[in-house]
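I opened my notebook to go through one model, a topic at a time. I wanted to look up cores, a sheet and charged pairs.

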Amino acid sequence: RVVAMAVVPGAYVPVDGDGRCIIARNATPHISASAAARAVELVLARAAAPSADANAAPSARARAVASKTWRRRDAPRVATPEAFVMDPSRREVERERACVVGERVVRVSVVCQEGCYPHKEYHVNQDCYVVAERKELVYADGGGVHACGEASHGRGVCGELLLGVFDGHGKRGEDCAQIASGYFTGTLIGETSETEALDASYARAFEKVNEEVCEIMGEDASFSGSTAITALFDADGTVRVGNVGDSRCVVGIRVANDELPLNRHTKTWNVLDLTHDQTCFRADERARMKAQAESPMMFATIGMVLGETPSHEEFGDGEPGSDDEYCDDPPRVFMSGYRFPGCAFTRSIGDTVGKALGVSATPEMSTHDLNASPATQCVVIASDGVFEFMSSGETMAIAERHYLEGGEGASERAAEEIVQAAYARWQEQDERADDVTAIVAFIYPSDEVTIHPSNDVVATIQLNDVSKIMGAMTVS
């Protein structure tokens, strides 16, 4: 069990509770096992030795690394996959759980599938997710005056249900996503106060998580980071969505019996995007970045940087479903005169080099009122591994079918099929497959749903060793 990360040049070395070095291929790619073990011995020896200067304070990064740990997935057994196929043993499934949200019941499931990179050694899933219920969203408040003018009582809840997807990128993308997802809930709780409007603290949580990631990762966050998209449900029927990056939140709203949906994929749902992909296609985002950039920067495709095509900023709009969205060479932001960092996104967690070029950790916020739209039946949050080759309408058509079929586990079956369909598109359209994560939340009036006691027990299964898991499981 990893309880600390010792810093050595070029790598983090995981350390267990007895100070023993845990060597994993994906954890220490630049040093040998013996060198890593010796480095850990030196780190532990220095930590135990009295300081020459009792008043000397450790660096911010040293304090962060010494006190904070995060999950890290096992590397695959085979360096490179033998075939371009989806490996079910590299999948994580959050079984369906029923959550009471005010006058509604939300049944939610998650499927998080590792991608396939035939030409990359030991690829590890860089997608992460969060599902937190009311009991995990309680905050303590020092008292004072509530934002609406009433006296606070010292305790409260941020919301009834928090859902989130974090899609890492870059060499240390998994670490960035794991840290961001692991600390988001606690950061939101820490920022929330009854004396301040929730929207402000919710948005600030993204910026604080960005600071955490950058502080802990240090230089390793220069060209690595993560997207972050979360949906916070409250008891009054408001769904607040914060988004940093190009993951997406979509809702399905049942149409009246005498109406037809406004898209060609669904039969009974209108499909509404609650987020707008933050990419360099967007003229408004490019304008914002130019105004906020601290260093000279430029927008270009890779072909432009290599001199293969003329430079311009007529990139199209990149709107979902357009030809621009599926182009092979999208616009990116580069430091002027250089071929880095090449971020296709305009907002992210981490990516400290990109931050100097206007890449922001401040989220775009949106809300969806379930009372104003009582026919809302589904919320899907997914990484761009889903939406790279599938439209929001196609994705929601799968969810709609499972919602109409009903039955316990419907949201889990929907998430599973969305992931499988997205992966199949990657196999058709590309030579690799990105990591694919889908959260499906089905919404029902509380008087139409019976919650069984078994719903209080939720199993998260990481399918990295099928034989071990099946041997340990009993099926009733």
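My entries on this predicted model follow.

**Entry 1: nonpolar cores.** I looked up the largest nonpolar core, which has 30 residues. Leu162, Phe166, Phe184, Leu188 and Val213 touch the most other members. I then noted which elements supply at least two residues each: strand 5 (127-133), strand 8 (161-169), helix 3 (173-191), helix 4 (198-217) and strand 10 (228-233). Helix 4 gives the largest share, 8 residues. I also listed contacts of valine 213, setting aside neighbours within four places in sequence; among them are Cys176, Ile179 and Ala180. A second, separate core has 29 residues, including Trp269 and Trp426. As background, I wrote down that nonpolar side chains tend to be buried together in soluble globular proteins.

Entry 2: I found an open sheet with the order 14-15-16 and antiparallel pairing. Which strands stand at the edges? Strand 14 (297-300) and strand 16 (341-343) do; each has a single partner strand, so one side of each lacks a neighbour in the sheet. From one strand to the next, the twist averages 25 degrees. Strand 15 (residues 332-335) pairs with strand 16 over 2 bridges. Phenylalanine 334 has proline 341, in strand 16, as its bridge partner. Helix 5 (residues 283-292) packs on the sheet and touches strand 14 and strand 15. The direction of helix 5 makes about 160 degrees with that of strand 14.

**Entry 3: salt bridges.** I noted 26 salt bridges in the structure. Glutamate 92 and arginine 71 form one, at 2.7 Å from N to O. Glutamate 92 is in strand 3 (residues 91-101) and arginine 71 is in the loop between helix 2 (60-67) and strand 3, so the pair ties together parts 21 residues apart in sequence. Glutamate 92 counts as buried because its relative accessibility is 4%, which is under 20%. Arginine 71, at 36%, is partly exposed.

Next I checked arginine 90 and glutamate 114, whose closest N and O atoms are 3.0 Å apart in a salt bridge. Are these two residues buried or exposed? Arginine 90 is buried, and glutamate 114 is buried as well. I also recorded a network of salt bridges that links Arg282, Asp284, Glu285, Arg288, Arg347 and Glu364.

**Entry 4: a charged residue without a salt bridge.** Aspartate 246 sits in the loop between strand 11 (238-244) and strand 12 (248-254). Aspartate 246 is buried but has no salt bridge. The nearest side chain of opposite charge is arginine 248, 8.4 Å away. Beyond its neighbours within four places in sequence, aspartate 246 is in contact with Thr227, Asp277, Gln278, Thr279 and Asp384.

Notes
Residues are numbered from 1 along each chain as its sequence is written. This is a predicted model: local features need pLDDT of at least 70, side-chain atom pairs count only at pLDDT 80 or more; totals for chains, interfaces and linings use all residues. Side-chain values use heavy atoms; hydrogens and water are left out. Helices (H or I, at least four residues) and strands (E, at least two) are DSSP runs, numbered from the N terminus. Buried means under 20% relative accessible area, exposed over 50%, partly exposed in between (1.4 Å probe, protein chains only). Lys and Arg count as positive and Asp and Glu as negative; His and the chain ends are not counted. A salt bridge is a side-chain nitrogen of Lys or Arg within 4 Å of a carboxyl oxygen of Asp or Glu. Contact means heavy atoms within 4.5 Å. A nonpolar core is a set of buried Ala, Val, Leu, Ile, Met, Phe, Trp, Tyr and Cys residues joined through side-chain atoms within 4.5 Å. Two strands pair if DSSP finds at least two bridges between them. Axes are lines fitted to C-alpha atoms, for helices over the stretch in contact, and angles run from 0 to 180 degrees between N-to-C directions.
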